[in-house]
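This report covers strand pairing, a surface patch, overall composition and model confidence. Please view the structure alongside the text.

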Amino acid sequence: ATRSPVGAALGGTAGLYAAAFRHHGFGSAEHCHAGRNQFSGDEVLDYAAAQSGDSRQMKEKKKEIPEGCIGRLGLLEKAALLSGGGAWKSRALPRRGLPALFFSDGPHGLRKQEGVGDHLGLNASLPATCFPTAATVANSWDTELAEAVGEALGSEARSQGVDILLGPGLNIKRSPLCGRNFEYFSEDPYLSGKLAAAYVRGIQRGGALACVKHYAVNSQEFRRMTLNAELDERALREIYLTGFEIAIKEGKPGALMTSYNQVNGFQSNENPQLMLEILRKEWGYDGMVVTDWGGSDDHIRGIQCRTTIEMPDPGLHAAREVMHAVERGELSEAEIDACLADYFRTLRRAAEQAKKAKKAVPVDPLRQHALARRAARESAVLLKNDGILPLTGEETVALIGDFARVPRYQGAGSSLVNSR
């Protein structure tokens, strides 16, 4: 029987693995299954790239990362780039001269893990400046302050080798019970959008790319992985999407993260209306889209809706899934190339940011801390004064409660900062 080009590339999938294993001195393809944990698949990609005669030429041009190099990639390489290469990074293709992008939380302070990264945050993170949360800075109504905080976050991220900072978050505070309300700005979409755009501009001026999140209608944490947010067109656009539209059009972020929940019956990154009609067509966004960590349900549908990368690291199983979908006619290589074009644009922007950052002034922790204190001070709001203020300095003041002993100055989870 005649095999298609895709089928030949797959080699039954095992064929390519077997050839790569022999190339790297392994006994047989069975080792792929027996020793999966110690054999990541990078060797397979390396072997696949070596079969192409123009890999050296691409490597020589790696600083430029031209869009034309998409056409020189094999299908397996293309498919592999559409999923993560580790807990906090995209997949690199060294033989092709394509580096990995490094991601890190968070919206109000860097949470780059020390040593081996894990998306659950079990390993400690490196010391970083803890800035006031978005819920606090929003009280200032000050876009210049938000931009200054963003720039400080971006410069600190770049100083630790982070390409993409996962923030700001700008979901609407629909209920006070949402577990991540402290990470979000407001129940007002206009204020949320304006402040988020300011953060984005600051982060990207500081040397990293910003990743706005969580798109969209992610307003509760309870059962967030299975939640289906049902709402009409007017509520969707006027309340839940306005902030994102402002942040994207005015901030021009390098990346966007989708949410865990469904919106009107579709997983957020598989929702044609959200992803294709609104984000790409109406708003003209041409940057990278990543799923929240573990938030990809159907990888093929995600690619069809121009989701660039599913995170964190599903291994080459996801790449094989993509190749089989092409083989079955469910997915076209043109749809894959459209995602890669978005990814390569982001790669180029990240390289440009890194180049600018080399000329920047080194991060001064004391200066960062002074800005954090200023942001906290300028975001404080006096709701009522019964004649007690201002203090004269002669009063005796009692501070009562647990927060007097251990002040609550940040939240927890993925945005927990190891403050210095």
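## Strand E5 and its partners

In this predicted model, E5 pairs with strand E8 (residues 288–290) in the parallel sense, over three bridges. Ala255 is the residue that stands opposite Met288 in E8. E5 also pairs with strand E3 (residues 209–215), again in the parallel sense and over three bridges. Here Tyr215 has Thr258 in E5 as its bridge partner.

Strand E5 spans residues 255–258. Ala255 and Met257 point one way from the strand, while Leu256 and Thr258 point the other way. In a regular strand, side chains alternate between the two faces of the sheet. All four of these E5 residues, Ala255, Leu256, Met257 and Thr258, are buried.

## The three-stranded sheet

A separate description applies to E4, E6 and E7, which form an open sheet in the order E4-E6-E7 with mixed pairing. Strand E4 (228–229) and strand E7 (266–267) stand at the edges; each has a single partner strand, so one side of each is left without a neighbour in the sheet.

Strand E6 (residues 262–263) and E7 run antiparallel and are joined by two bridges. Within this pair, Val263 has Phe266 in E7 as its bridge partner. Strands of a sheet pair through backbone hydrogen bonds, in either the parallel or the antiparallel sense.

## A nonpolar surface patch

Six residues make up a nonpolar patch on the surface: Leu382, Ile388, Leu389, Leu391, Val397 and Leu399. Together they have about 640 Å² of accessible area.

One of them, Leu391, lies in the loop between helix H15 (365–379) and helix H16 (402–405). Leu391 counts as partly exposed because its relative accessibility is 47%, and that class lies between the cut-offs of 20% and 50%.

## Overall composition

The protein has 16 helices and eight strands. Of its 420 residues, 50% are buried.

Among contacts with a separation of 6 or more, 74% are between residues 24 or more positions apart.

## Confidence

The mean pLDDT of the protein is 86, and 82% of the residues reach 70 or more. Over residues 1–14 the pLDDT is below 50, and this stretch has 20 contacts in the model beyond near neighbours in sequence. Residues 17–39 also have pLDDT below 50, with 25 contacts beyond near neighbours in sequence. Where pLDDT is low, predicted coordinates should not be read in detail.

Conventions:
Residues numbered from 1 in each chain as written. Predicted model: local features only at pLDDT ≥ 70, side-chain atom pairs only at ≥ 80, totals over all residues. Heavy atoms only, no water. Patch = residues over 30% accessible without salt bridge, like charges linked within 9 Å, V, L, I, M, F, W, Y side chains within 5 Å. Areas by Shrake-Rupley, 256 points an atom, 1.4 Å probe, with all protein chains shown as cover. Salt bridge = Lys/Arg side-chain N within 4 Å of Asp/Glu carboxyl O. Helix = DSSP H or I, 4+ residues; strand = E, 2+ residues; numbered from the N terminus. Buried < 20%, exposed > 50% of the residue type's maximum accessible area, 1.4 Å probe, protein only. Pairing = 2+ DSSP bridges. pLDDT = per-residue confidence, 0-100. Contact = heavy atoms within 4.5 Å.
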